[in-house]
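Okay, hi everyone, thanks for making time.

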Amino acid sequence: MNYNIRVTLVLASVIVAATAAALSMPLDPTAAAAGTAAYAQTQGMTEIKIGALLEFGPSYDDTSSLKSMELSIQDINNDPVISTKYSVTLVPLDVTGLDPTEIAGVVQTAVQAQGIAHFVGHSSSTVTPAKQVLDAIPDAAIVSYGSSAPIIPIPDSNPVNLVAVDSLFRLIPNDSHQAASVIDLVLNKDGKTDVVIVVRESWHPIVNFLIAPELADSFEHRIPYTEAERFSDPAAAVSSHASVARTVDGIVGDLVAAEGADKVAVMFIGFPLDFEYHVKGVLSAGDGLANLHGVKWYSTATITGESAAVRDADVAEFAKNVELSGTRYTVLDNPVNTELCNTLLQQGVVCDRYEYGPFAAYDAIHLLVDAIVTRDGLADGSIPGDERTARDLILEVASGRGFHHLVYEERTIGDGALGEYTLNAAGDLETPVTYTVLKSTTNPDSPWVPAKAKICR
């Protein structure tokens, strides 16, 4: 990849929402004791409780992932290899609209009052409060199916790389992979030399994290905007975005004059509602922002592939005219996820060709349950080996090392919805990391289509 090109680049979908107050919440001394009892013995059966952190809002909707988790648990409970001794129960925990301190409180309550030490969820990257609580419990773990942030803040708010000793595992690649795929699309495939970033205000400070050092001097064109959720009045949001758009239009005009329209682009980073307000702000100026109509636009996975990003007819028309496109992490076809997707569609929930949350959520349940079962076998001696925690086993097996706990379900690591995968030392999905280039259309039934030959789901 040639980085010797002047460019202002992209931050993929990242959320940094945890605060020092949330992360420093004291854990009740009884929490660890309660948490280590991840299940309860009932009439000879062992109940395994899995907490599901869920969001049901305009930016994230875990409905399909919840249904997928329920199907995963149903499959496990119907498996005679498991069900003769274990019964798995899902405990939904709604964290919609909660701040980090409140999310930490929900997790603490689940640990202390219900003895839950293993969690799945949620779609956003606001998992740090849950992680901080669970880090204090050696056997506890949380597997995220949607947190793609490449960094997780610590109490002093300094971004740091995740380390393998924590309780967080993610069955989705972090956004450094997406950044690389977008860089390749914008610079190499499309030949752009100047890209103006229009980015959510809260994500603005960490854009440089995903940019190669040799591109550091190319970020003078990075314009923050106020997040949609901070406005109670849509008209005020549109007006605010119109002001931002005027600034962007001026920069784009200068770049076009110097480089030519075919070398200049706009990268919009945010959520669908942010994009809708911004486009309406552009359109409200009529011909006054002509520069923005004459260059190509790109987006990140928070928009790319999401039908909500182009639900308004005028927004969809604009998106098509500026050839809005971007990359989206894509799960490769296999028999398990094809059947799962068909079942979800029959139940009336979303499962499109570029959906990954439900597939990762399905596998997250299996990974946690199998790790708990294997840990039990190590503890009672039925499986030879040193005593290890469920957290140890998750990383070992998903990294292709150690005892293969999926043998309990007579499965291999490639038998799940994600297919064969590996985690890196930080507990994040490392392979496969396939991305598909999508472009926007005005067809409400198919708002996003592959920009090249379809190579995967």
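This is a predicted model: local features need pLDDT of at least 70, side-chain atom pairs count only at pLDDT 80 or more; totals for chains, interfaces and linings use all residues.

So, G416: buried, with a relative accessible area of 1%. This glycine sits in the loop between α14 and β14, the strand at 422-423.

Let me zoom out for a second. The protein has 457 residues, and 56% of them count as buried. The secondary structure comes to 14 helices and 17 strands. If you take the contacts between residues at least 6 apart in sequence, 76% of those join residues at least 24 apart.

The largest nonpolar core has 50 residues. Which residues have the most contacts inside that core? They're I50, M69, L171 and I365. As for who contributes, the elements giving two or more residues are β2 (45-54), α3 (63-77), β3 (86-94), β5 (141-144), α12 (335-346), α13 (357-380) and α14 (390-398). The largest share comes from α13, with 12 residues.

Take I50 if you want to click on something. Leave aside its neighbours within four places in sequence, and I50 is in contact with V88, T89, L90 and V91, with I116, H118 and V120, and with I365, L368 and I372. There's also a second, separate core, this one of 32 residues, and A245, F268, L289 and V315 are among its members.

Now a couple of helix pairs. The axes of α5 (residues 100-114) and α6 (residues 128-135) come within 8 Å and cross at roughly 40°. That makes α5 and α6 oblique to each other, and their crossing is right-handed. On the α5 side you've got P100, I103, A104, V107, Q108 and V111, and they meet P129, A130, V133 and L134 in α6. By type, that contact divides into nine nonpolar residues, one polar and no charged.

Then there's α3 with α12. Those axes come within 10 Å and cross at roughly 120°, and this crossing is right-handed too. Here S64, K67, S68 and L71 from α3 meet L340, T343 and L344 from α12.

Last stop, backbone geometry. Quick reminder: most peptide bonds are trans, and most residues other than glycine have a negative phi. Where does this model have cis bonds? One joins G121 and H122, with omega about -25°. H122 is in the loop between β4 (118-121) and α6. Another cis peptide bond runs from T431 to P432, with omega near -10°. P432 is in the loop between β15 (429-431) and β16 (435-440).

And on the phi side, have a look at E323. This residue isn't a glycine, yet its phi is positive, near 55°. E323 lies in the loop between α11 (313-321) and β13 (325-329). Is E323 buried or partly exposed? Partly exposed, with a relative accessible area of 48%.

Terms used:
Residues are numbered from 1 along each chain as its sequence is written. Side-chain values use heavy atoms; hydrogens and water are left out. Axes are lines fitted to C-alpha atoms, for helices over the stretch in contact, and angles run from 0 to 180 degrees between N-to-C directions. Helices (H or I, at least four residues) and strands (E, at least two) are DSSP runs, numbered from the N terminus. Angles under 35 degrees count as roughly parallel, over 145 as roughly antiparallel, 65 to 115 as roughly perpendicular and the rest as oblique. A crossing is left-handed if the near helix is turned anticlockwise from the far one by less than a right angle, and right-handed if clockwise. Contact means heavy atoms within 4.5 Å. Ala, Val, Leu, Ile, Met, Phe, Trp, Tyr, Cys and Pro count as nonpolar, Asp, Glu, Lys and Arg as charged, and the others, Gly among them, as polar. A nonpolar core is a set of buried Ala, Val, Leu, Ile, Met, Phe, Trp, Tyr and Cys residues joined through side-chain atoms within 4.5 Å. Buried means under 20% relative accessible area, exposed over 50%, partly exposed in between (1.4 Å probe, protein chains only).
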